[in-house]
Amino acid sequence: MTKKISVPRGTADILPADIPLWNHIEKQSRQCIEQYGYREIRTPIFEDSALFKRSLGQTSDVVNKQLLELAGDKKDGFALRPEGTAAVVRSYIENNLDRQEQLSKLYYIGSMFRGERPQKGRLREFHQIGVEAIGPKTSYPLLDAEMITLSVELLKRIGLTGFQLKINTLGTPEDKQKLSDVLRSQLEPYKTELCEDCQARMDRNVFRVLDCKNRGCKEIVSKLTFQDEYLSEESQDYYKQVKEGLDLLGISYEESPCLVRGLDYYTHTVFEISNPALGAQDALGAGGRYNKLVAQLGGSDEVHACGFALGMERLILSLEDQDLNFESSVDALILTFSDEALTKGFEVVHQLRKSGIKADLNFKTGSMKSQMRLANKVGAKNVLIIGDDELVKNAAAVKNMETGEQEEIKFESLVKFFGG
Ligand code: HAM
């Protein structure tokens, strides 16, 4: 037999049975995000590799180990997008959105790609729901608070409970530099106890040590004692106002000084939402302020931004345990028992669908028993039975599958009967 071809490792099919849950998340997300005044943007699935290398940080794992570059003849070619922020910023600059609006409120839903070692909740192709607010001089602490609130409200809207919000501030780039000095000096005595990766990270980008999943490194990180001494007064005040905004809206959060995030572009506010029930890959989403990225990608230094992204696969994993019911079955399934009845059914299903009724026709004119088994399997709300008797009466026997009640409805009244 010819060898079967499997789905690539770290990717997955989303089968029809899973689609209602995906649709539910997308629909609720769109509604919620648009209520906050955001508009959708769609950017290509691949971009110039340089875009990601310049924005996410040469020392970030995403660029260093996980960028999926496309083989081509150009030396520095294209890469599948590992996240959405860099591409949205590229598009913002390229399309001069700053000249069109004071604050661009943009969102996206789509596939992202990272060449990671696959495990539960960690894939090579995954999907994000992302939100970005970009505009000249738009560093408003209340905008950060609103952004965090939106991420929390969105999760509630899709039916999630039991998640945790952690926040922190990295301050200005100068503060961030001071923080990295503090970290380096505090980690120095433990350097030889850190994993090999982290020893290299200490020189290249000490923040990455705080994200390390290695148990020994985590233990060392838990001993660090830095407070907010690296923050300028201005940064402390900014952070205070973000927290006041969250308090005002009743959003509960935990302050986490070790939260630095794995991408280089963050300054000031950073946040992460996690679901402890998910195990090792527990981050549902993350984000923060990234005031320097626009300038770094060739735009104006005055354009500031903040945003977040949620990972859809991890939302799905979290929702699977919760008892949510998504209706996707047909209102009417037509069952027929002869070629002549099938032709009539073919016509009837067309009329129902044209009137906005979700209807289907079973093309296989088998026994009543086998056809009813099918109706139960697909969860049809009603079956329309058309046999020879019905053809003579110009009517269908309509059986409500929930109550078991059956009544005869003339063909010409079916659309009205189903409220079309
Ligand atoms: P991130 O923290 O790299 O941030 O990813 C955000 C979320 O995407 C994660 O919390 C996780 O739920 C999901 N995710 C990431 N990698 C994977 C993977 N390999 N498999 C499954 N899910 C994954 C960003 O991407 C930033 N662009 C967020 C942002 C937007 N910051 C500002 N604006």
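Author: A nitrogen atom of the ligand lies 2.6 Å from an N or O atom in the side chain of Tyr266, a polar contact being a pair of N or O atoms within 3.5 Å; within protein, one must be able to donate a hydrogen and the other to accept it, and residues adjacent in sequence count only if both atoms are side-chain atoms. This is a predicted model, in which local features need pLDDT of at least 70 and side-chain atom pairs count only at pLDDT 80 or more, while totals for chains, interfaces and linings use all residues. Residues are numbered from 1 along each chain as its sequence is written, and side-chain values use heavy atoms, with hydrogens and water left out.

Around the ligand stand 25 residues, and Glu83, Glu116, Glu132, Arg261 and Tyr266 come nearest; a residue is near if one of its heavy atoms lies within 4 Å. This shell divides into 11 nonpolar, seven polar and seven charged residues, where Ala, Val, Leu, Ile, Met, Phe, Trp, Tyr, Cys and Pro count as nonpolar, Asp, Glu, Lys and Arg as charged, and the others, Gly among them, as polar. At least two shell residues each come from β6 (125-136), β10 (283-289) and β11 (303-311), strands being DSSP runs of E of at least two residues, numbered from the N terminus. With five residues, β10 gives the most to the shell.

How values were computed. Helix = DSSP H or I, 4+ residues; strand = E, 2+ residues; numbered from the N terminus.
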